[in-house]
Amino acid sequence: MIATSLALAFSLSMDSFAAALGRGACSRRAGLPEAVRVGAAFGVCQFAMPLVGWGIGIAFASLVESVDHWIAFGLLLAVGGAMLRNAIMDGEDEGEEDCGPVRSVRAEWLALLTTAVATSIDAAAVGAGLALVDVDMVTTSAMIGVVTFAVAFGGVLIGKAAGSHLGRWAEMAGGVVLIGLGAKILLEHTMG
């Protein structure tokens, strides 16, 4: 169970890693304070969103109990597939990194929070799917949040040093793992 939760945490953190790499590559102040700020924003959102999705999933669990494994598989397949598609589409126009205009501190915080929420919406969908299986959601969400903090923290620092080209490969790996987790849930419920 812990291994599955960790695999899920790393998979869900890959889009945050990709975004953090880009922030590190573009930020003029990509040092430890920026890495902590980015890691905290992504980590908190990735911790909260699966709980939100799980709560919504619990509310509707009795209505879908007979097909819950198919729903969990479908949600993980959709999120993983979207991650793969985004990684492949981003790779088609590789070139100079467009860092956009210089922003005020307030606009920078808004951009960070918007990115953190946007990259954690898939975690809400996964949380809804996990409401249909037996999972300790608080522990799983905590793992997702802590792993995402660490991955985003490292992503900023790596992005500063290496640029953002690693991001699409990380997102691709995350998509493959999510699809694999969905298949595992489906197989466990249909074969076991």
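The side chains of K184 and E188 meet in a salt bridge, with N and O 2.9 Å apart. This is a predicted model. Both residues lie in helix α6, four residues apart, or about one turn of the helix. An α-helix has 3.6 residues a turn, so residues three or four places apart point the same way. K184 is partly exposed, at a relative accessible area of 34%. E188 is partly exposed too, at 44%.

**Salt bridges**

How many salt bridges does the structure hold? There are three. Side chains of opposite charge can pair when their charged atoms come close. The table sets out each pair.

| Pair | Closest N to O distance | Source of the pair |
|---|---|---|
| R37 and E34 | 2.8 Å | salt bridge |
| R23 and E34 | 3.5 Å | salt bridge |

Salt bridges with shared partners join R23, E34 and R37 into one network. R37 and E34 both sit in helix α2, three residues apart, about one turn of the helix. The R23 pair reaches across helices. R23 lies in helix α1 and E34 in helix α2, residues 32-60, so the pair ties together parts that are eleven residues apart in sequence.

R37 has 13% relative accessibility and counts as buried. The cut-off behind these calls is under 20% relative accessible area.

**Overall layout**

Now the whole chain. The protein has six helices and zero strands. Read along the sequence, its pattern is α-α-α-α-α-α. Of its 192 residues, 46% count as buried. Consider the contacts with a sequence separation of 6 or more. Residues 24 or more positions apart account for 94% of them.

A18 and R168 are 150 residues apart in sequence, yet their C-alpha atoms are 6.5 Å apart in space. A18 is found in helix α1. A18 counts as buried, at 17% relative accessibility.

**Helix α1**

Does the span of α1 agree or disagree with its residue count? At 1.5 Å a residue, its 25 residues should span 36 Å. The end C-alpha atoms are 35 Å apart, which agrees. The helix also bends, by about 35 degrees, at M14.

**Nonpolar cores**

The largest nonpolar core has 25 residues. Those with the most contacts inside it are L8, L12, L76, V126, L130 and L178. Five elements are listed as giving two or more residues to this core: α1 (2-26), α3 (68-92), α4 (105-130), α5 (137-162) and α6 (166-191). Which element gives the largest share? It is α1, with six residues.

Setting aside residues up to four places away in sequence, L178 touches L8, S11, L12, L76, V79, G80 and M83. A second, separate core has twelve residues, including A30, A41, C45 and A152.

**A buried threonine**

T148 has its place in helix α5. T148 is buried, with a relative accessible area of 0%. What does T148 contact beyond its neighbours within four places in sequence? Its contacts are S13, S16, F42, G43 and Q46.

**Annotated regions**

The UniProt record, an unreviewed entry, places the feature "transmembrane region" at residues 40-63, 70-89, 109-132 and 144-163. Two of these stretches can be set beside the model. Over residues 70-89 the chain is 100% helix and 0% strand. The end C-alpha atoms of that stretch are 28 Å apart. Over residues 109-132 the chain is 92% helix and 0% strand. There the end C-alpha atoms are 35 Å apart.

Terms used
Residues are numbered from 1 along each chain as its sequence is written. This is a predicted model: local features need pLDDT of at least 70, side-chain atom pairs count only at pLDDT 80 or more; totals for chains, interfaces and linings use all residues. Side-chain values use heavy atoms; hydrogens and water are left out. UniProt positions are given in the numbering used here, feature names are shortened, and annotations may be inferred rather than shown by experiment. A nonpolar core is a set of buried Ala, Val, Leu, Ile, Met, Phe, Trp, Tyr and Cys residues joined through side-chain atoms within 4.5 Å. Buried means under 20% relative accessible area, exposed over 50%, partly exposed in between (1.4 Å probe, protein chains only). Contact means heavy atoms within 4.5 Å. The expected span of a helix is 1.5 Å times one less than its number of residues. The bend at a residue is the angle between axes fitted to the seven residues ending there and the seven starting there. A salt bridge is a side-chain nitrogen of Lys or Arg within 4 Å of a carboxyl oxygen of Asp or Glu.
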